Amino acid sequence: MTERIDWSALSGPHVSRRTLLTLAMASGAVGYAARLNGAWATSRLPTRLQDVPQGGTLRLGMGITDIPTLDPAQETTGIIAGEILSNIFSGLVQFDSELGIIPDLAEDWTISDDGLVYTFTLRSALTFHNGDPLTASDLIYTYERTTDPEFASPHANKLQLITDIAAPDDTTLIITQSAPYAPFLATACSRGPGRALNPIPKTVIDEIGNEGFGRTPVGCGPFKVVPDSVELASGLELVAFEDWYGGRPPLDSIEISVIPEVSSRLSAMESGDIDMLDIVPAIGVDRLAANDQFTIVEAPGTNWWGLRMNLTRPPWDNPDARMAVARAIDRADFNEKAFLGKVVECVGPIAPAFGWVYQDPETVTSPQAYNLEQAKQLAEKAGLADAKPKLMLQSDDPRPAENLRNQLAEIGLDVELDLVNTTAYFERWDAGDYDMNITGSVVDADPDDNVWNYFYSEGPWNTHGYSNPEVDELLVAERTTSDQEERAAIFQQIQTIAQQDAPFAFLYHEPDRTAFISSVQGYVPIPEQRYLETIWLEGE
Amino acid sequence: MTQYIIRRLIHSVIIVWGCATLVFFLIRAIPGDPVIQMLGPEYTPEAAEAMRHKLGLDESVITQYFRWLGNILQGDLGSSITGAETVRGAILSGLPKTMSITLLAFLIATLIAVPTGVLAALRRNSFADFAVSLVAFVGVSMPSFWFGIILILIFSVQLNWLPSLGYASFTEDGAWEWLKHLILPSLAIGAGYSAILMRFVRAGLLEALSSDYIRTARSKGLSERRVVIIHGLRNSLIPVVTVAGIQVALLLSGTVVIETVFSIRGIGRILVGAIFDKDYPMVQGTILLITVIFVLANLVVDITYTLLDPRIKYG
């Protein structure tokens, strides 16, 4: 794979949106997206926010069990970063509806020809919520804080290629890296997922410490935290930031409630206790859709899920055994029985939200397509009759695993469900101590995030022993290529190999659904993110 | 009596210390590494090592134990290892919620159990007795989370009378808001509790009413009302109070489920979340608190015996 030295394609202020759309059209992804929802094609921030009704409180219910911390450099839950932190903190860049990269704090940026030097031009007169000016030097402090070994930020690895960071003046930030890294803007500099470099005010850390900052952070995004309202794990209140560079958001405030139980979330919506439900679970889609007071907005998800087989253990060291499993799964039946028909069939590790690279399952013939006869033949060839593999799972929802167990019995596999608690699950997950498990990727800013982690020989999540030198080479090429068109072709090539090698039997993508009461207007869906500054309440 | 209470308090300290120590080592014996879970998708061996070092989890368990014990003696319960909260902060925010639910549930249960129990005992084998017993059986068998969901569907979704989630502070939001948020969760656990309590009131009163002193009281010509309430009910309360004491602790654990259904983060939910996350300091702190409450509740029960039955004396 030859390296393209056309890094200007990633320079700002709009990254390759045209290229992305052209590619999306070519791959049929736009057609797919258009079927999902008309709002999907809306571009971000077109509205003059001051022309819409001002005021009111949005009550947002969130399907999480708690909020461990509000410090972006410490938060590891993608949903919290995408839905809460993205409203409190800004990034250098942010996403549009197609996950294209557009300006946030940086109004423009350039990337050197060798792809190593990023020069950001910040907006002038930016301020933090406490009124302190926000300049390029604050980004340097943020970099130093995130990468401080004593601070142990889980996001430090996103900044590991940086060799130099400099601020020649208040609005210029120059970041130099040791090697080109195409996903850098999305994974390390963006609002939401790129939280490693969300600017942090040093004066506040000096005053209240890192622990205090995790409870009552001071950011620079469109909403600021009401310190007295914060009860981590119960919720918090945000109020409009008057001096936000984009102008004061229409909403006065947002009340965020943590609602761990699924049925309670749906009831809270129906009883009028919340105005917006962040994520509508599969079981709630028809229930809420039947009520004309609610609007469900659907965007393609950035996630994919598959049944992972551990190649270091028999029988999964045999490619025929893995392909037998992949072909024995009727995805339509799985969708219907495990998810009430509310998920999308998945053919590989590229999620529908990445329109520039996603391939519609209807246009792709996967070798993993359901074919019970062939599956039985392969199972016989691989001697699966006596195999009793264990499928490791957490206790939250056993239906997907139970459906797979039933389907795999058709080819003579006696799958045992191995139910373990969450901590043990992750420990065994990381140690590669499992035969099979259902896993995948949830909130990503770029397909590189998880494809590298799962399919690169030394990838951090590749605990299943998958190794294909050709895939390794393609992954390195994808990271060092700036041309999105070329990257898309590489990802699609990786997907084809992954389908054939079948370390995973690819299963489903979950669309990103959110629900509102009808007075909530102006929401612009961005997959797995909830940027709320465009929302207004009708009747205010 | 004072000496007795002091002795009991000293015993209590030993019990609490024993429980705390047991919990400290047991929670570490459960399989699973909190750091790996905490890092989730951001896991790399290097990040895990750095975080372990930061949290002091790379030290020996014995070192960790003595450090923790030393901090406890200075009143420092530590900080959550999985989040930005202090254990003290979490308990101070969770305790009023759980206590409010528990006390209101206790009140609701008593208000239901005592009159219905008395009625069932006085009209033994009547239709009323049968009906009350049937309702009690349903109450005992009904899981509180299911009853909670049914209450939400009726009173929040259909009638829109009461909120389906959250907690309002008595001091900041006012008594009515506070009560409005508590009625459904308290009713959900109080109903089951009242059924148990009612069975004890009925049985206790039946036994008391067949005693000689009741016959004496009746023969003295006392009114039936006085016989039942002063002589019968009071003497039947010893087993009821015993059960009530145990049940207060059970109510505390009963709130775990109901706090989840009603999205109220009280002690129960803090504890369960901490166990799932293996947030050691939070588990240790909340169990310490629950142990203290349990031990004190038992002490209160024992002292209440002396008020109910002057023949009981501690010395």
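I call two residues in contact if their C-beta atoms, placed from the backbone, lie within 7 Å. This is a predicted model, so I hold local features to pLDDT of at least 70 and side-chain atom pairs to pLDDT 80 or more, while totals for chains, interfaces and linings use all residues. Residues are numbered from 1 along each chain as its sequence is written, with chains lettered from A and ligands numbered from 1 in the order in which they are written.

**Ile270(B)**

I started with Ile270(B), which sits in helix α12 of chain B. For helices I take DSSP runs of H or I with at least four residues, for strands runs of E with at least two, both numbered from the N terminus. Leaving out residues up to four places away in sequence, Ile270(B) touches Ala90(B), Gly94(B), Arg265(B), Met282(B) and Thr286(B). I also checked Val87(B): its C-alpha atom is 9.8 Å from that of Ile270(B), though the two are 183 residues apart along the chain.

Is Ile270(B) buried or exposed? My rule is buried at 20 or more other C-beta atoms within 10 Å of its own, exposed at 12 or fewer, partly exposed in between, with C-beta atoms placed from the backbone. Ile270(B) has 30 such neighbours, so I count it as buried.

**α12 and α13 of chain B**

Next I looked at how α12(B) (residues 267–277) packs on α13(B) (residues 280–308): the angle is about 145 degrees and the axes are 9 Å apart. Here axes are lines fitted to C-alpha atoms, for helices over the stretch in contact, and angles run from 0 to 180 degrees between N-to-C directions. From α12(B), the contact residues include Ile267(B), Ile270(B) and Leu271(B), and from α13(B) they include Met282(B), Val283(B) and Thr286(B). I sorted this contact by class and got ten nonpolar residues, one polar and no charged. I count Ala, Val, Leu, Ile, Met, Phe, Trp, Tyr, Cys and Pro as nonpolar, Asp, Glu, Lys and Arg as charged, and the others, Gly among them, as polar.

Lys278(B) is in the loop between these two helices. Its phi is positive, about 55 degrees, although it is not a glycine. I find Lys278(B) buried, with 26 other C-beta atoms within 10 Å.

**Chain A**

I find 16 helices and 21 strands in chain A. Buried residues make up 55% of its 540 residues.

In α10(A) (residues 331–339) the buried ones are Arg331(A), Phe334(A), Asn335(A), Ala338(A) and Phe339(A). Down the helix axis they fall within an arc of 100 degrees, so they line one face of α10(A); the arc is that of the directions from the helix axis to the C-beta atoms. Just after α10(A), Leu340(A) has a positive phi of about 55 degrees.

Leu99(A) also has a positive phi, near 60 degrees, and lies in the loop between β2 (93–95) and β3 (101–103). Last entry: the peptide bond from Pro314(A) to Pro315(A) is cis, omega near 5 degrees, and Pro315(A) is in the loop between β13 (304–309) and α9 (319–328).
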